[in-house]
Amino acid sequence: MVIGLGELQKGQTMKAPQVLIINLGSQYTDLIDRSLRDFGVRSAILPPARANDWLRSNTPKAIILSGSDASVNDPDPPAPPEVILTADIPILGICYGMQWLAKRLGGQVISRTGKGNYGRTEIHLTHDYFDQGLLDGLLANWLVVHASHGDVVTHLPPGFTRIAWPETSTTAGVMAMVSSERKMWGVQFHPEVHETQHGSTILSNFVLRIAGCEKDWNPRNLADEIREETLHVIGDRNAIIGFSGGVDSTTLTALMAPSLGNRLRAVTIDGGQLREGEILQIIETAKSAGVFDRHSMASAPFVRALSDTLDAEEKRKRFRVVYRDAFQTLARGYGASVVMQGSLAPDFIESGATGGANIASHHNVGLTFDGLDQVHPFRGLFKYEVRALGQELGLPADICTRQPFPGPGLFVRIVGAPVTEERLALLRLVDRDVTYILQASGEYQQMSQLVVALLCVNTAGVRGDGRSYKPTIAIRGLVTSDFMTGRGFQIKEETRRKLTRTLLRNPEVGNVGYFEADKPPCRTEFE
Ligand code: XMP
């Protein structure tokens, strides 16, 4: 039996996020989510396809369409799921989001190459804006806003009214629009950006007044609710949790350990996937979570299982089987009949467990254990929520802000060649050096996650008097709050030079590459 408390489905006791933010590719999307949390409303940020899946089993109270760096006039522009147009849920389109609504519903959007509106700009509000809900509480009839767009809406779709226009009459276009009947609003500027005057009033008008969202983001209540529900499921049985030392399993352990006492065993399976010195860090972290048993396994069973495939999904699946078998044996030894997992909403969404495509099989999603029930108390949560829970529980700051690391660890960071003990050892060493250099430059702390991978593409080089032909080290940083979407991090040139110089001192490294793509289209991990 698998029980997901807080599952992203209707009818569960723990509520799903009330606002769906559809990320169409804007650098400001995370800011929308942060603004909503500031006034106590939880939201989920999902790219269009994932949003479509999520909407099959959820009915949010409001939908926000983000901006984008694309144009609605591009050949294949990003598009929210069509279902939102008839869902009778209030929609706010921001920038590109508004343009998409305008064009899709029969208005006109023109692209004015080289004549964009970027930065602070003044807009005028129509005299009857007080009736429009969105702009309630704004006392002046003009606003300074942050704009960032090349395209403009020149003709409103049928049934829409213009409620704001640009500062100069020579700049044609609509700065805000509404159709109360269709429950749709659009703003051409960015209310989520600090530079927009009264931006948070506009957003709170939309989610609290128009959509009727309730304040549901309170880490204290969330902690109590999750603890109570999890205890209810576990009853008087013994439970076991896989403890990675990351923020998810540490927070879950810290949340449940005081109530479960010695009925909870937390174990770490060290099968060669961990980074240099990581097990020591896990032991330290465990102290703050209050319970710990370490189980060190030889890496051989894992390496053996993975050594004859290059396929990312196959590697993940095989890792899970070895992990599951080891875990099951331990659980039996402890007399545990429930497995607690720290898996989050994105793990389920990306594993295809909510009905969508399988982007990557997360190691702890979709596992079945013989004779063991599973409970996923954080199944409805996103990373930033778990971090806030951890803070609420008094966990040290370095744990609450800790970067994630995939369960299959270094195994999914050896790309394009079989996993061997030698490759693992090389990657472990390189990962340590890269982390150290980026921590010293302060850039590690600015990334949400650093990924160091061994790309087994050999490149030719010159070493001393001879030729070398060795694999490539890939370095990638991502900035994100929920890991569903993110911005590729650009490492400073000076640091890159230092990294490249340092890594190439190792005769087993042939080249160093920097990967700065956003998610999507790329993922955080290479596999
Ligand atoms: P992607 O590569 O999908 O990763 O953008 C999103 C986040 O999930 C982590 N990740 C995993 N975590 N088990 C985990 O516990 C896994 O199998 C797994 N795969 C990816 C990844 O490191 C990133 O933080």
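Biologist: Helices (H or I, at least four residues) and strands (E, at least two) are DSSP runs numbered from the N terminus; so where does lysine 183 sit?

Modeller: Lysine 183 is in the loop between strand E11 (176-179) and strand E12 (184-187). This is a predicted model, where local features need pLDDT of at least 70 and side-chain atom pairs count only at pLDDT 80 or more, while totals for chains, interfaces and linings use all residues. Residues are numbered from 1 along each chain as its sequence is written, and side-chain values use heavy atoms, with hydrogens and water left out.

Biologist: What is phi of lysine 183 near?

Modeller: Phi of lysine 183 is near 60°, a positive value in a residue other than glycine. Most residues other than glycine have a negative phi.

Biologist: And where is aspartate 88?

Modeller: Aspartate 88 is in the loop between strand E4 (62-65) and strand E5 (91-94). Its phi is also positive, near 60°.

Biologist: Is aspartate 88 buried or exposed?

Modeller: Aspartate 88 is exposed, at 55% relative accessible area. Buried means under 20%, exposed over 50%, and partly exposed in between, with a 1.4 Å probe and protein chains only. Lysine 183, at 29%, counts as partly exposed.

Biologist: New topic. Which residues come nearest to the ligand?

Modeller: Gln449, Lys519, Arg523, Thr524 and Glu525, out of 15 residues around the ligand. A residue is near a molecule if one of its heavy atoms lies within 4 Å of it.

Biologist: How many of the shell residues are charged?

Modeller: Five are charged, with six polar and four nonpolar. Asp, Glu, Lys and Arg count as charged; Ala, Val, Leu, Ile, Met, Phe, Trp, Tyr, Cys and Pro as nonpolar; the others, Gly among them, as polar.

Biologist: How many Å from a ligand oxygen is the polar side-chain atom of lysine 519?

Modeller: That atom of lysine 519 is 2.6 Å from an oxygen atom of the ligand. For glutamate 525, a side-chain N or O atom is 2.5 Å from a ligand oxygen.

Biologist: Back to the strands. Where is serine 468 found?

Modeller: Serine 468 is in strand E20 (residues 466-479). Serine 468 is buried, at 9% relative accessible area.

Biologist: What does serine 468 touch?

Modeller: Leaving out residues up to four places away in sequence, serine 468 touches Thr459, Ala460, Gly461, Val462 and Arg463. Contact means heavy atoms within 4.5 Å.

How values were computed: A polar contact is a pair of N or O atoms within 3.5 Å; within protein, one must be able to donate a hydrogen and the other to accept it, and residues adjacent in sequence count only if both atoms are side-chain atoms.
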